Amino acid sequence: MHVRARWTLILAAASVLACVFAVGCKGKSNGDIVVGSFLSMSGGTADFGTESKRGFDMAFEAANAAGGIKGRRLRLENLDDQGKAEEAGSAVNRLIDRNGAVAILGEVASSLSLVGGRIAQRRGVPMISPSSTNTQVTAIGDNVFRVCFIDPFQGYAMARFARETLHLQNVAIFTDVRSDYSKGLAESFRNEFTHAGGRIGVEQSYSQGDTDFGAQLTAIQAANVQAIFVPGYYQEVGNIARQARRLGLNVPLLGGDGWDSPQLRSIGGHDIEGSYYSNHFAPDNPTPRGRAFIEEFRRRYHQAPTSLAAQAFDAANILFDAMRRAPEITPAAIRTQLAATRNFPGVTGVISMDANRNPIKPAVVLRVGPTGDVFETTIEPR
Ligand code: PHE
């Protein structure tokens, strides 16, 4: 027999044995329940992956400590997509084919959830994004869920705060054109802010990964605006804050949840202080359930959780809740129960899936302070 063929046979025999002992094959009914996750553990948004993974880990450990689900242990298989669309797609395929995942958790960045979500949908495996807010993510189909609010609401929340609390009339928008999230949030902020009587004095754009924002900031400076709305991710936002101040452009920046990372302050320094962004969770103003989560998180990681960790914790727990209600642990049965999620008590608030698999939740507005983000206000769903 050919060496290659012999190996294939041996491997096939081994995987049959593995099935017999229930240690890792598809279609088994006892053995571990495998859940896949895909996250950016490296690259320009590595903080998103690291923080979300911590939230997943805490949820998996707690569920296993409580006896698992239907007597089976839960196992998380996490793949690093490096923040790249190509990697996100192959990660989801691999989690389903190689790991036998019955459900997928991820991604954070909307552009990556859009890629992974299309694959999960095609393969009939439910996916829950903890934090992707772009409307199109769950519009992919009935297998794609999220546990966060969506950007039309987030844009409304920041526009309302800008108009009613900060009394701003003339604001710039500075969009990351390589991010579906950024483009969608810019659009909803523009609509809501002008609808509320404000004016967008100038619009500029950049691309994720850029490091020099001088030309665009000079154009913004010429427009004499009172603030700059930057719906980007922390890395570029931190740099934009520094470069704006260096030009003498001393207006606050406004943004959305993509700012949420301790790196924002490391990169932006004092220059980002006094700016505001909307988010899912305020560590200094938690729900009672949030308080317990924060304490446990601090004990483990010696810092306050970002909203990403809290959202990830909720996403995993919503999945477990659906698995408990499902008559059997199959992707289809889990999907049906996920869609039926009502009044789930999460650490980020009470979560019910609407008909489009989007929860309706309030947003918080945070001010970037010298040592941490400070809760400003809550904006309720309209
Ligand atoms: N909402 C962002 C997106 O859709 C991701 C994000 C959420 C980033 C929360 C940070 C914190 O791309």
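Modeller: In this predicted model, take helix α12 (residues 307–325) and helix α13 (residues 331–339). Their axes come within 8 Å and cross at roughly 115°. An angle from 65 to 115 degrees counts as roughly perpendicular, so α12 and α13 are roughly perpendicular to each other. The crossing of α12 past α13 is right-handed. On the α12 side, the contact is made by I318, L319, A322, M323 and R325. On the α13 side, I334, Q337 and L338 make it.

Now the charged pairs. The count comes to 15 salt bridges. One of them joins R54 to E51, with the closest N and O atoms 3.1 Å apart. Both residues sit in helix α2 (residues 46–65). They are three residues apart there, which means a separation of about one helical turn. R54 is buried, and E51 is buried too. Buried here means under 20% relative accessible area.

Another salt bridge links E77 with R75. Its closest N and O atoms are 3.0 Å apart. E77 has 24% relative accessibility, so E77 counts as partly exposed. R75 counts as partly exposed as well, because its relative accessibility is 23%.

A further pair is R190 and E203. Here the closest N and O atoms are 2.6 Å apart. R190 lies in helix α7 (residues 180–195), while E203 lies in strand β7 (residues 199–206). The pair therefore ties together parts that are 13 residues apart in sequence. R190 is partly exposed, with a relative accessible area of 28%. E203, at 34% relative accessibility, is also partly exposed.

Last, confidence. The protein chain averages a pLDDT of 93. Of the residues, 92% score at least 70. One stretch needs care: over residues 7–27 the pLDDT is below 50. Beyond near neighbours in sequence, that stretch has nine contacts in the model. Where pLDDT is low, the predicted coordinates should not be read in detail.

How values were computed:
Residues are numbered from 1 along each chain as its sequence is written. This is a predicted model: local features need pLDDT of at least 70, side-chain atom pairs count only at pLDDT 80 or more; totals for chains, interfaces and linings use all residues. Side-chain values use heavy atoms; hydrogens and water are left out. A salt bridge is a side-chain nitrogen of Lys or Arg within 4 Å of a carboxyl oxygen of Asp or Glu. Helices (H or I, at least four residues) and strands (E, at least two) are DSSP runs, numbered from the N terminus. Buried means under 20% relative accessible area, exposed over 50%, partly exposed in between (1.4 Å probe, protein chains only). pLDDT is the predictor's confidence in each residue, from 0 to 100. Contact means heavy atoms within 4.5 Å. Axes are lines fitted to C-alpha atoms, for helices over the stretch in contact, and angles run from 0 to 180 degrees between N-to-C directions. Angles under 35 degrees count as roughly parallel, over 145 as roughly antiparallel, 65 to 115 as roughly perpendicular and the rest as oblique. A crossing is left-handed if the near helix is turned anticlockwise from the far one by less than a right angle, and right-handed if clockwise.
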